[in-house]
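Please examine the sequence and the structure shown below.

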Amino acid sequence: HPSYYRRNSIQQLELPQRKAALIVPAFETLHYRLTFPKSKAELLSMLDMGSLYTFRYHVWPKGHAPTDYAKWRTATVPYRVAWQPDFEPYVVVRRDCPRYDQRFVGFGWNKVSHIMELDAQEYELLVLPNAFMIHMPHAPSFDISKFRLSAGYRGCLQTLREEFHQDLSRRYGAAALKYLTAERSL
């Protein structure tokens with residue numbers, strides 16, 4: 001049972017005493033109806049048959065690639081991954097972790113900035129070997145439509161990203177340079 005597994009993982013990994021973000025690997029289906037897999041083995045079978053994909057594989061692979069799905073397939077214990085630009089995994093964290101930056105409402109950069117801040121604070125990014133979530137298809141949100149259609153929206157988001165980088169530099173000093181360097185090299 002997913003919530004039992006999550007609770008068990010939190011206890012085993014001593015999360016209350018540790019700065020860690022537990023990554024729940026994300027998958028998606030293009031079907032509106034899906035029998036949810038009851039196990040990792042069943043999920044892998046659906047993945048191999050093409051009824052599931054790694055999340056955003058077709059449109060934004062960078063967002064979840066650092067999860068290292070190839071490693072996850074055979075993993076039996078949590079494994080650590082490194083931050084990479086545009087990483088935006090779904091995570092389980094302690095309640096006292098840094099909050100989402102409220103500048104990033106609507107579409108764009110809310111999860112990316114959150115993981116960046118967790119990494120800046122030296123949180124371990126740990127992938128859970130037996131957890132998974134599945135994103136179901138739905139109509140595009142109002143905010144993603146605005147992002148796609150409005151150069152003004154995209155410009156504002158870029159300005160907020162630059163402000164966020166400046167704030168990281170002020171808070172974390174030289175350690176935050178890797179985020180800006182990564183951003184400029186994209």
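## Overview of the chain

Of the 186 residues in the chain, 41% are buried. The model is a predicted one. The accessible surface of the chain amounts to about 10900 Å², and 55% of this surface belongs to carbon and sulfur atoms.

The chain contains 7 helices and 7 strands. Read from the N terminus, the elements follow the order α-β-β-α-β-α-β-β-α-β-β-α-α-α. Among the contacts with a separation of 6 or more, 75% are made by residues 24 or more positions apart.

Strands of a sheet pair through backbone hydrogen bonds, in either a parallel or an antiparallel sense. In this model, 3 strands form an open sheet in the order 3-2-7, and the pairing is mixed. Strand 3 (53-54) and strand 7 (133-135) each have a single partner strand and stand at the edges, so one side of each has no neighbour in the sheet.

Strand 2 (residues 26-28) pairs with strand 7 in the parallel sense, over 3 bridges. Glu 28 is found opposite His 135 in strand 7.

Two residues illustrate the loop between strand 2 and helix 2. Thr 29 has its place in this loop. Its relative accessibility is 1%, and because buried means under 20%, Thr 29 counts as buried. The side chain of Thr 29 reaches the backbone oxygen of Ser 51 at 3.3 Å. Not counting residues up to four places away in sequence, Thr 29 touches Leu 34, Ser 51, Leu 52, Ile 134, His 135, Met 136 and Pro 137.

Ser 39 also lies in the loop between strand 2 and helix 2 (40-49). Is Ser 39 buried or partly exposed? With a relative accessibility of 30%, Ser 39 counts as partly exposed. A polar atom of the Ser 39 side chain lies 3.1 Å from the backbone nitrogen of Glu 42. Ser 39 and Ala 131 are 92 residues apart along the chain, and their C-alpha atoms are separated by 9.0 Å.

## The nonpolar cores

Which residues touch the most other members of the largest nonpolar core? This core has 35 residues, and those with the most contacts to other members are Phe 27, Leu 43, Trp 72, Met 116 and Leu 125. At least two residues of the core come from each of strand 1 (20-24), strand 2, helix 2, helix 3 (69-74), strand 4 (79-81), helix 4 (110-120), strand 6 (124-127) and helix 6 (151-172). Helix 4 supplies the largest share, 5 residues.

Leaving aside neighbours within four places in sequence, Leu 43 is in contact with Phe 27, Pro 37, Leu 52, Trp 72, Phe 132 and Ile 134. Another core, of 7 residues, lies apart from the largest one, and its members include Leu 22, Val 92, Leu 126 and Leu 128.

The model has a count of 12 salt bridges. One of them joins the side chains of Glu 117 and Arg 171, at 3.1 Å from N to O. This pair links distant parts of the chain, since Glu 117 is in helix 4 and Arg 171 is in helix 6, 54 residues apart. Glu 117 counts as buried at 10% relative accessibility, whereas Arg 171 is partly exposed with a relative accessible area of 43%.

A further salt bridge joins the side chains of Asp 119 and Lys 178, at 2.8 Å from N to O. Asp 119 in helix 4 and Lys 178 in helix 7 (residues 177-185) are 59 residues apart, and this pair likewise links distant parts of the chain. Asp 119 is buried, with a relative accessible area of 14%, while Lys 178 counts as partly exposed at 40%.

Asp 167 and Arg 170 form a salt bridge in which the closest N and O atoms are 2.4 Å apart. Both residues lie in helix 6, 3 residues apart, which is about one turn of the helix. Asp 167 counts as buried at 17% relative accessibility, whereas Arg 170 is exposed, with a relative accessible area of 62%. Through salt bridges that share partners, Asp 101, Arg 103, Glu 163, Asp 167 and Arg 170 are joined into one network.

Note on methods. Residues are numbered from 1 along each chain as its sequence is written. This is a predicted model: local features need pLDDT of at least 70, side-chain atom pairs count only at pLDDT 80 or more; totals for chains, interfaces and linings use all residues. Side-chain values use heavy atoms; hydrogens and water are left out. Two strands pair if DSSP finds at least two bridges between them. Helices (H or I, at least four residues) and strands (E, at least two) are DSSP runs, numbered from the N terminus. Buried means under 20% relative accessible area, exposed over 50%, partly exposed in between (1.4 Å probe, protein chains only). A polar contact is a pair of N or O atoms within 3.5 Å; within protein, one must be able to donate a hydrogen and the other to accept it, and residues adjacent in sequence count only if both atoms are side-chain atoms. Contact means heavy atoms within 4.5 Å. A nonpolar core is a set of buried Ala, Val, Leu, Ile, Met, Phe, Trp, Tyr and Cys residues joined through side-chain atoms within 4.5 Å. Accessible areas come from the Shrake-Rupley method with a 1.4 Å probe; for residues, only the protein chains shown count as cover. A salt bridge is a side-chain nitrogen of Lys or Arg within 4 Å of a carboxyl oxygen of Asp or Glu.
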